[in-house]
Amino acid sequence: MLRASSQDEGFDANLNAVMSTEEDPGVLHADILRKLTESTIQGRWDDLATFRREAAAQLGIQAMVDALSVACGFNGITRVADATGIPIDYYEDELGQDIRSRIGIDSFQYTEKSARYG
């Protein structure tokens, strides 16, 4: 669904922004969405409380809740996939390699994530 939604006419997501705060992702309210996501995954709860208030003012309460729900959902999906060792489908692997290469996600260190979350 995300792949399809990013193909809407006039929407040009910048995938390089996934791994770089210096890049503009081309998404409305990207700054506050990034702040919400980063403070959530890094467990910075005081910051998150501040950013929730900011997001509620900019986006509305429901959109803020939706954004946090998506972030939490993806975190859970990733953990399940990692824990079960789900392989990438062959037909998606080529596309996946291109995307991983473009955004630099292969440099992500799972050991750092494991150390952070135990």
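**Overall make-up**

I began with the secondary structure of the protein chain, which comes to six helices and zero strands. The model I am reading is a predicted one, and I keep that in mind for every entry below. Read from the N terminus on, the elements run α-α-α-α-α-α. I then looked up burial and noted that 14% of the 118 residues of the protein chain count as buried. For contacts with a separation of 6 or more, I found that residues 24 or more positions apart account for 42% of them.

**The largest nonpolar core**

Which residues make up the largest nonpolar core? I listed seven in all, namely Ile32, Leu36, Leu48, Phe51, Ala55, Met64 and Leu68. The elements that give two or more residues to this core are α2 (30-41), α3 (45-59) and α4 (61-84), and the largest share, three residues, comes from α3. Beside this I wrote a general reminder that nonpolar side chains tend to be buried together in soluble globular proteins.

**Helix α2**

I checked the span of α2, which has 12 residues and reaches 16 Å from its first C-alpha to its last, close to the 16 Å expected at 1.5 Å a residue. The buried residues of α2 are Ala30, Ile32, Leu36, Ser39 and Thr40, and these buried residues pack against α3 and α4. After α2 comes Gly43, and I noted that the phi of Gly43 is positive, near 65°.

**Helices α3 and α4**

How do the axes of α3 and α4 cross, and within what distance do they come? I found that the two axes come within 7 Å and cross at roughly 130°. That angle makes α3 oblique to α4, since angles over 145 degrees would be needed to count as roughly antiparallel and 65 to 115 to count as roughly perpendicular. The crossing of α3 and α4 is right-handed.

For the residues that meet there, I wrote down Leu48, Arg52, Ala55, Ala56 and Leu59 on the α3 side, and Ile61, Ala63, Met64 and Leu68 on the α4 side.

How values were computed. Residues are numbered from 1 along each chain as its sequence is written. This is a predicted model: local features need pLDDT of at least 70, side-chain atom pairs count only at pLDDT 80 or more; totals for chains, interfaces and linings use all residues. Side-chain values use heavy atoms; hydrogens and water are left out. A nonpolar core is a set of buried Ala, Val, Leu, Ile, Met, Phe, Trp, Tyr and Cys residues joined through side-chain atoms within 4.5 Å. Buried means under 20% relative accessible area, exposed over 50%, partly exposed in between (1.4 Å probe, protein chains only). Helices (H or I, at least four residues) and strands (E, at least two) are DSSP runs, numbered from the N terminus. The expected span of a helix is 1.5 Å times one less than its number of residues. Contact means heavy atoms within 4.5 Å. Axes are lines fitted to C-alpha atoms, for helices over the stretch in contact, and angles run from 0 to 180 degrees between N-to-C directions. Angles under 35 degrees count as roughly parallel, over 145 as roughly antiparallel, 65 to 115 as roughly perpendicular and the rest as oblique. A crossing is left-handed if the near helix is turned anticlockwise from the far one by less than a right angle, and right-handed if clockwise.
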